[in-house]
Amino acid sequence: TLYAIQDEDGLLFGYDLLKKQIILMASFASTGDYEELATDDQYFYVLKSNGHIYSFSVEHTSASGKVIVNKDLLPKGEYESMAFDPSSGSLFLLCKSCKVDKKGDTVSGYVLKIDGGGRLSNNGEFSLDRSAISTIDGRIKKTFKPSAMARRESTGEWYILSSIDQALVITDDAFKPKEVIHLPRKAFEQPEGIAFDKDDNLYVSSEAGRQTHGMIYKFNLIK
């Protein structure tokens, strides 16, 4: 099952890849600017662009279930990237646009501990060296703004999208950049979603933008 959010209406969708049909639609909040979705198989965590995180049980439906809004955990800024890391049991986030990063060559990141019951707390910070990405690919400079991220469990690598750059950046487990892959605009109008399944297949979604429909692409990666 693939899960996705309607990024303005506060809706969660579940899509069965085998049946090729929507099997779930649940409301978790009113209208807003929702950017990222992650899960630890017990709770869904939805990131709002202002850094608020909405959490609710995977059993949640539009008719029942409690939604917790985790606020004031992150510095003020704009956020689009969040992923669950099974190895640490934590959520990792990257700033898209934060004041602290404007004068430097790093992108700030934050780790949130899952305390249970959908509640979160601060559990550390990290950073991604933007200049190291530029060293690998000179086309990417200060434009790099994370729009989605996912952890590849089999390798410990992080896969990070920058929609504005039409690029996928791969880092090691310590967020040291290793590779940059450019995505063709014709296929990836606005790449803002990324996830792995348990068989190590990669999924990248792109908003419709100027195209007729949004798209989800599946990649069978070489191990």
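Author: Rings of Phe, Tyr and Trp count as a pair if their centres lie within 6.5 Å. With that cut-off, Y3, F28, Y34, F44, Y54 and F56 form one aromatic cluster. The model is a predicted one, and a search of the whole structure finds 15 aromatic pairs.

A pair of aromatic rings is described by the distance of the centres and the angle of the planes. For F44 and F56 the centres are 5.7 Å apart and the planes stand at 45 degrees, so the pair is tilted. Planes under 30 degrees apart would count as stacked and those over 60 as edge-to-face. F44 belongs to strand 5 (residues 43–48) and F56 to strand 6 (residues 53–57), so the pair ties together parts that are 12 residues apart in sequence. F44 and F56 are both buried.

In soluble globular proteins, nonpolar side chains tend to be buried together. The largest nonpolar core here has 17 residues, and L128, F144, M149, I160 and F175 have the most contacts inside it. At least two residues of this core come from each of strand 9 (90–98), strand 10 (106–116), strand 11 (119–129), strand 13 (157–162) and strand 14 (167–171). Leaving out residues up to four places away in sequence, F144 touches V107, L128, R130, I133, I160, S162, D165 and V169. Another core, of 16 residues, lies apart from the largest one, and Y45, L73, C95 and C98 are among its residues.

Y15, L17 and I22 make a nonpolar surface patch of about 260 Å². Y15 is found in strand 2 (residues 11–16), and its relative accessibility of 31% makes Y15 count as partly exposed.

The charged pairs remain. Side chains of opposite charge can pair when their charged atoms come close. The structure holds seven salt bridges. In one of them the side chains of E78 and K96 meet at 3.5 Å, N to O. E78 lies in strand 8 (residues 77–85) and K96 in strand 9, so this pair ties together parts that are 18 residues apart in sequence. E78 has a relative accessible area of 30% and is partly exposed; K96, with 23%, is partly exposed.

K96 also meets the side chain of E80 in a salt bridge, at 2.9 Å, N to O. This pair links distant parts of the chain, with K96 in strand 9 and E80 in strand 8, 16 residues apart. E80 has a relative accessible area of 4% and is buried.

A further salt bridge joins the side chains of R139 and D137 at 3.0 Å, N to O. R139 counts as exposed at 62% relative accessibility, whereas D137 counts as buried at 8%. Finally, R152, E157, K178 and D200 are linked in a network of salt bridges.

Definitions and conventions. Residues numbered from 1 in each chain as written. Predicted model: local features only at pLDDT ≥ 70, side-chain atom pairs only at ≥ 80, totals over all residues. Heavy atoms only, no water. Core = buried A, V, L, I, M, F, W, Y, C linked by side-chain atoms within 4.5 Å. Buried < 20%, exposed > 50% of the residue type's maximum accessible area, 1.4 Å probe, protein only. Helix = DSSP H or I, 4+ residues; strand = E, 2+ residues; numbered from the N terminus. Contact = heavy atoms within 4.5 Å. Phe/Tyr/Trp six-rings, centres within 6.5 Å; stacked < 30°, edge-to-face > 60°. Patch = residues over 30% accessible without salt bridge, like charges linked within 9 Å, V, L, I, M, F, W, Y side chains within 5 Å. Areas by Shrake-Rupley, 256 points an atom, 1.4 Å probe, with all protein chains shown as cover. Salt bridge = Lys/Arg side-chain N within 4 Å of Asp/Glu carboxyl O.
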